[in-house]
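Colleague: Could you pick one part of this model and take me through it closely? I'd like to know what packs around it and how.

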Amino acid sequence: MRHAIFALCAIALLLPTPASAWGFYAHRKTAEIAEANISPASRAKLRALFEAEELIGTPECDLENLRDASVWPDCIRRDRSRWGYTAAWHYRTAPICEAFNPRANCPGGACVTGQIERAHRVLADESLPANVRLEALAFMVHFAGDVHMPLHSGDKSDRGGNDRETDYGIVPSLNLHWIWDGPLAERAISDPADPVVRRYSVAERAELGGGNPDEWGRESWEISRGFVYPTAFDTGDVCGTELPMKTALTQEDIVRGVPIAKRRVQQAGIRIAQLIESALEPGPLPEPERR
């Protein structure tokens, strides 16, 4: 009986919960990676910004440090009357069976890539009040995490996999999006023998970092098209056939997905660190390119 109860509890922990894109655990890990890879000067500037937390006015959603910032935008979504308009900012899904267009599905910048760029500029503007810049920091950190989760970018008419009922090994009836948001990402970054939170070498930071939000979204879209959907549905031709609404990931599928999910978390953490460093450097950011 004890074994049965334990199994049920373990399954319950894997069930989707509202407002937790890419899982609180994975988002916090991206923040910890970033914090380990920014300069002492940038850490000091962040501490000064976090002193403005009370002015944000979200007492049920802490914003005291970078880990809090990484999940704050998901937390505030529970208050739909105040923050509901931010829901579309967490993703920019693009059909995997059409040519990738970095400007589609982002009206007025209301998508994950547009909001990373906006928040980055606001954070960098030292003329703005600390609470305004702190809010921007939280959005930037969180959305830079979201854009690295493949199914926040890739889609096959199923809301980024949310509509595809998917078994995760022995755990039944999750959905494909949630699996990549939660249990698969958590498994990928939980190996104590190979921790993701550490100071990365200069060469590692160069290899994992770089690029811009549009390019990060393209990377996620390519992973969705080339790995997530083909693996979930055991077909190399996801665009030439109608996919079923229910499928399953085998243990072998999960093992193959782990290094991909792990790398995306690492890339997100390093790139967040780079965004922070560039935003907190003295002087204004370069003017954005006209599109």
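**A close look at H8**

Modeller: Let's start with a contact: from H5, Leu66, Ala69, Ser70, Val71, Trp72, Pro73, Asp74 and Ile76 meet Glu135, Leu137, Ala138, Phe139, Val141 and His142 of H8, where contact means heavy atoms within 4.5 Å. Sorted by class, that contact has 10 nonpolar, 2 polar and 2 charged residues (nonpolar: Ala, Val, Leu, Ile, Met, Phe, Trp, Tyr, Cys and Pro; charged: Asp, Glu, Lys and Arg; polar: the others, Gly among them).

Before going on, a word on the source: this is a predicted model, with local features needing pLDDT of at least 70 and side-chain atom pairs counting only at pLDDT 80 or more, while totals for chains, interfaces and linings use all residues. Residues are numbered from 1 along each chain as its sequence is written, and side-chain values use heavy atoms, with hydrogens and water left out. Helices (H or I, at least four residues) and strands (E, at least two) are DSSP runs numbered from the N terminus.

Now H8 itself. It has 17 residues and reaches 24 Å from first C-alpha to last, close to the 24 Å expected at 1.5 Å a residue (the expected span being 1.5 Å times one less than the number of residues). Of those 17 residues, 13 are buried, so H8 is largely enclosed by the rest of the structure; buried means under 20% relative accessible area, exposed over 50%, and partly exposed in between, with a 1.4 Å probe and protein chains only.

Back to the H5 side: the axes of H5 (residues 66-76) and H8 come within 8 Å and cross at roughly 85°. Axes here are lines fitted to C-alpha atoms, for helices over the stretch in contact, and angles run from 0 to 180 degrees between N-to-C directions. That makes H5 roughly perpendicular to H8 (65 to 115 degrees; under 35 is roughly parallel, over 145 roughly antiparallel, and the rest oblique).

Next, H3. Its axis comes within 9 Å of that of H8, crossing at roughly 115°, which makes H3 roughly perpendicular to H8. The crossing is left-handed, meaning the near helix is turned anticlockwise from the far one by less than a right angle; clockwise would be right-handed. Leu46, Leu49 and Phe50 of H3 meet Ala130, Arg133, Leu134 and Leu137 of H8, a contact with 6 nonpolar, no polar and 1 charged residues.

Then there's H13 (residues 251-280), whose axis comes within 9 Å of that of H8 (residues 130-146) at a crossing of roughly 150°. H8 and H13 are therefore roughly antiparallel, and their crossing is right-handed. On the H8 side, Arg133, Leu137, Met140, Val141, Ala144 and Gly145 take part, meeting Ala268, Ile272, Leu275, Ile276 and Leu280 in H13. By class that gives 9 nonpolar, 1 polar and 1 charged residues.

H8 also does some covering. The buried residues of H7 are covered by elements including H3 (40-50), H8, H12 (213-233) and H13. H7 (residues 112-124) has 10 of its 13 residues buried, so it too is largely enclosed by the rest of the structure; Ile116, Ala119, His120 and Leu123 are among the buried ones.
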